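User: I would like a close look at one part of this model, with the charged side chains as the topic. Please take it step by step.

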Amino acid sequence: MHLDHVPAPAAPDDGAVALDAVREVSDAVSAAHLFIYLVPESAEEAARLGVTEQGRSYLAFRSAAMGAVPWQVTSAAFYNFSPRAVREMAGVWDAASPERWQDARFTAAGRAMRRVGVSLTDDQIAEARSLIDPVVAGADYAGKVLAAANTSVPLPSDPLVALWQQITVVREWRGDAHLVVLADNRLGPCDCLVLHTATGQLPVGLIRATRQWNDEEWNAATARLVARGWLDETGALTEAGRAARERIERETDAHCAALWAPLGETGTRRLASLIAPVNEAFAAAGTFQAVSRAS
């Protein structure tokens, strides 16, 4: 673990963390983490390691914390990617070691955040660390593969990038928890993508291209959701499907409530507020426009 020396935590308030506060901080964490997959700096750093294919570099960057594991292990951790998509990463550890991929990821994150002018002062970074570090240190990592792997990564010396890495840990923690909820609801890897894209929140074309489920698999998943009453015969989301997806998200929030309990509700909402400028800077720079245009 890389948490031998952490800032003193802010004093939590008493009582449980409300689920809407859990959702607020989860959304803020996800938004502050997302840019790394979209910025040109990531592609540039991957190219320096000899990999120019976007899918292979994504998989290498995100799985580097786990070490030089076979692609099958990454496939198990990356729930909604088809095995054929993950198989494409075979050989990336021959191009460069996981440690070099991790260092390149940190370099890309730091370059990108400074290019768009993320406006966090030293005091704000320190306060955010005083909140998030105890969460990372006290979390239960049983079954949380990607989150646990990311806690093994030494924090970089750059304070802003170090904060981003701590954000990465809790982002992956929620993601790992979400997979447990999906499995418990019998929502398989392709099925969950079909359901999510039916909400209109994710572009189908982008998801089909990156996750690589073929037509037969996509159509079979659609048929299963129609049989459950979550999609209608045209593939549109039903009210039952909308309610089911929100219930799954709320179950994930409930799973994550214990993660944020050390901060209490006030600290949890404060952290969400402190890290919001990361996403705001990338949104203002147009980083997410390509995703919103994808179809």
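User: With which residue does R245 form a salt bridge, and how far apart are the closest N and O atoms?

Analyst: This is a predicted model, in which local features need pLDDT of at least 70 and side-chain atom pairs count only at pLDDT 80 or more, while totals for chains, interfaces and linings use all residues. Residues are numbered from 1 along each chain as its sequence is written, and side-chain values use heavy atoms, with hydrogens and water left out.

R245 forms a salt bridge (a side-chain nitrogen of Lys or Arg within 4 Å of a carboxyl oxygen of Asp or Glu) with E249, and their closest N and O atoms are 3.8 Å apart. The two residues are four residues apart in helix α14, and so are separated by about one helical turn; helices here are DSSP runs of H or I with at least four residues, numbered from the N terminus. R245 counts as buried at 15% relative accessibility, and E249 is likewise buried, at 14%, where buried means under 20% relative accessible area with a 1.4 Å probe and protein chains only.

This pair belongs to a network of salt bridges that links R23, R174, R245, E246, E249 and D253. Within that group, the side chains of R174 and D253 meet in a salt bridge at 2.8 Å, N to O. Because R174 lies in helix α10 (residues 159-184) and D253 in helix α14 (residues 239-260), this pair ties together parts that are 79 residues apart in sequence. R174 counts as buried at 14% relative accessibility, and D253 counts as buried at 0%. The structure as a whole holds 22 salt bridges.

Key. Buried means under 20% relative accessible area, exposed over 50%, partly exposed in between (1.4 Å probe, protein chains only).
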